[in-house]
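Please go through the notes below with the structure open beside you.

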Amino acid sequence: MRVALFATCLVDNLRPRIGLASARLLQDHGCEVVVPPSQTCCGQPGYNNGDVRGARALARKTITEFEGFDYVVVPSGSCAGMIIQHYPRLFRDEPDWRARAESLAARCHELTHFLSHVLDIRLDRTFEGRVTYHDSCSSLRELGIHGAPRTLLSQMHGLVLLEMKETEVCCGFGGTFSVKFDEISERMASNKTRRVRETGADVLAAADLGCLLNIAGRLRREDGGPRIFHIAELLAGMADGAGIGGPDKA
Amino acid sequence: MTANTHHRFRDKAHAALMDEPLQRAMDKAGDGFIARRQTAIAALDQYEALRSRAKSIKEHTLDHLPEYLERYEAQVIASGGQVHWARDAEEARKLVIDLCRRAGAGSVAKGKSMIGEEIGLNHALEAAGMEAVETDLGEYIIQLAEEPPSHIIAPALHKTREQIIAMFREHHRSHGYTEPLETVAEIVDEARAILRDKFLKADVGITGANFLIAETGSSVIVTNEGNGDLTALLPPTHIVLASLDKLVPTPEDATTLLRLLARSATGQESTAYTSFFTGPKPRNDGHESAYHVVLIDNSRSRILHGKYRDMLRCIRCGACLNHCPVYTNVGGHAYGGVYPGPMGSVLGPLLDGLAQAPELPNASSFCGRCAEVCPMSIPLPELLRQLRNDQFEERITPLRQRCATRLWSWLNTHPRLYRALAGPAMALLSRMGRNGILPRLPGLGAWQRGREFPAPEGGSFVREWNRRRGRTRHE
Amino acid sequence: MSEARREILTRLRGESGTNKAGVRDGAWSSSAGPRPRLDGSALEVFVDKLRQNSASVVRVDSEAAIIKAIGNFLRVEGQGQGQGQGLVVMPHPRLRELNWPNDLEIQCRAPRASDLNVLSLAAFGIAETGSLVLLSGTETPSEANFLPENFLCLVDRANLIEHMEEVWQHLRQQGDFPACVNLISGPSRTADVEQTIQLGAHGPRRLLVVIDEGSKNE
């Protein structure tokens, strides 16, 4: 099957290896992976900041780029949520575009959901370590994803999954919220890092780079904490360096 | 409400985060509401069916609001009461003051009423020379503190026991209470004694309404303290304040909503008291009390016909506040208006004007928990996003931010230019990284105040992947 | 009527004008929504819920047992400072005509603010929420439910119902909605000080519910 990977602008620019890890996971399980070269941002920043017209323009661009694939996979709950939940809403009053948006939404999956529910993969990799998993709000509430990442992590040999308290509470990222209301965002991040530390895990994983940058940024300011990886890095056997924001740059 | 109170959310949030007693009080309140609601909802058979029914009840009523209001009014009159209509807050205040004057009121007992807060009734009554006493313990506490409520169902949530004791000592001295207080029981007993006296002396009792029932002309209030009932029953005149959106067609409809209200609010299956008042009440002296209803529009009719109609389904349970990570960290006062939290961030701008509350729609990380727990299925994040869109279109959003947002969208629709800029930028930032994090940079000021920014890895996934594919294909 | 009324109704009608189609007029009772299933019989659930909400509940099967249950409660809880263990009984025949013993100080009259112990009669008991339903009237005045320190209430088992909807059906058939319908699910409480639950905020500190399972007559 032909699967298009929508890397997301954060992954593309800040941590390309998440894209690589995602592609590797898909290829390992029989997908022909295509990365449309003109892809950029899904339009969420504009959408959430009042610029609906700008968001619509980017949605049209993304819809066009990702037509003709069996599936579109996104290593981010937030960007997948934008495409699946919000693109159709953006074209409420434009039937043609609405149909195209709905077609994309129907083919689009967040990475862990795709691996677990569509490919139904069984991993045969080892990761020795205690891992705690952070649910992004978009994954959890916009897409209803809770079991998939846990199922995948628990397939890894040697991996111990430790649940933190309040996994359903936001880490405080929220896109531009993190800078517009930086103090509140920071407090929310501190609450989250406390929960992360309480688990005693050596690794924090999540499926959204936005959350990970935020939590990593706070942990580093607090001077330490577990290593941090996108779940794709863990699952693809690429979680070997210092992790996101880690002291020796991977 | 004065016009400017919504401004400076950021500043007030800052003060709130630094306010230790407030943070202690919020911490104490925190998990209790969430855990209790969770338990109550889990134990409720047919929650989703009730939720969907509740939504359709309100939608049906809103579809036929004038017809049901006319029926409601006719029933109140048939039961011997009177209905008064107020277009806005000022008209409502005048009506209430006029009714109180006609009742010869020197003292007014008040049950908890958010519409009363919304129209600024207490100050108006006092300016008219009447004593207005809040009888809900939480409302009484904040009345002594001269503060607005910080939560729609737990108005004194932000106060610690020590603060309450200090206030009671200061204010109750004149009533002859000087004994030191320590326990919650002692605090409650002292308030009970003082307020019992106020109930008995009051000439008018004013309550809000959780629901109005069209079929019977009843008003419904739910309380745990019983203060609302004493307020309604003891004084010779009972005035009910209600906004138009409180209406439901039948007692059965109210019953459906009641099944959700207490569980969503406090996690109770039902509050201690749920009361249906219909017309004048028989009194011990053989006379009947007077019964008035003041129906208040105050922007509801405008909201009904616009993009924010969903908000009129709100039953003021407070679940969105309790589950909001912004609210639970900064408390209600930071929001500046009558209604805090997610529902307040929608309602505030709608009532007071978007330009008067520019920060509120933005004070959300869109985590979505509010919509998830809302018993009335109000899509709060969608409404907040719509308000942000209105701000953008009406140029209330600051120019710099609008330009930045537009520029981002524009740049991303030009992939070649985007890559030409992003590539070198990421390469530079990657080189600037030390120990995996970026040094302080001017553009990252807000982020870096309390957090590090992880350094980019360098390179672009999309470009490199396709470059490699290109090569493989040529080979 | 007033200009405000006219204007508000006009605003609400907007461009669509009157929309009577679908208005539930005359078919009010068809509006009942989903009713949560009860875990047990109405009696069991009613008792459980009331106890969960800090009420004392006694089940009896004779008039003598009613008197005894009330006497026991008053001996333990019914003595206030400077007040005897007297009981103010609401002037409902069902209560008045109980065979009150001489050693119990009984007054049959309307309630006063200073009354310590007041007994009234519930028209129904709702199992779903463990709620007493008190209807206002000269025989069971509503003040009685809220003024005393101790509120005692008799309810006949025959009047236990599963859900609140049955009250509305009953009142609709009767054709009269009383001025006050009070649903009472426990003693008065507040959590306004540090979210700590404290009983006896403004209304009764204690609630005794006597369920008469056998002696119902009339």
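**Notes on the contact and its surroundings**

1. In β9(C), Asn182(C) is the bridge partner of Ser275(B), and Leu183(C) is that of Thr274(B). Strand β9 (residues 273-277) of chain B and strand β9 (residues 180-184) of chain C pair in the antiparallel sense over five bridges. Strands are DSSP runs of E, at least two residues, and helices are runs of H or I, at least four residues, numbered from the N terminus; two strands pair if DSSP finds at least two bridges between them.

2. This is a predicted model, in which local features need pLDDT of at least 70 and side-chain atom pairs count only at pLDDT 80 or more, while totals for chains, interfaces and linings use all residues. Residues are numbered from 1 along each chain as its sequence is written, with chains lettered from A and ligands numbered from 1 in the order in which they are written.

3. Within chain C, strand β6 (residues 131-135) and β9(C) also pair, in the antiparallel sense, over four bridges. Leu135(C) stands opposite Val181(C).

4. Is β9(C) buried or exposed? Five of its five residues are buried (20 or more other C-beta atoms, placed from the backbone, within 10 Å of the residue's own). Val181(C) and Leu183(C) point one way, and Cys180(C), Asn182(C) and Ile184(C) the other.

5. In helix α2 (residues 42-52) of chain C, the buried residues are Phe46(C), Val47(C), Lys49(C) and Leu50(C). They line one face of the helix, because they fall within an arc of 170 degrees seen down the axis of α2(C) (the arc of the directions from the helix axis to the C-beta atoms).

Notes:
Buried ≥ 20, exposed ≤ 12 C-beta atoms within 10 Å, placed from the backbone.
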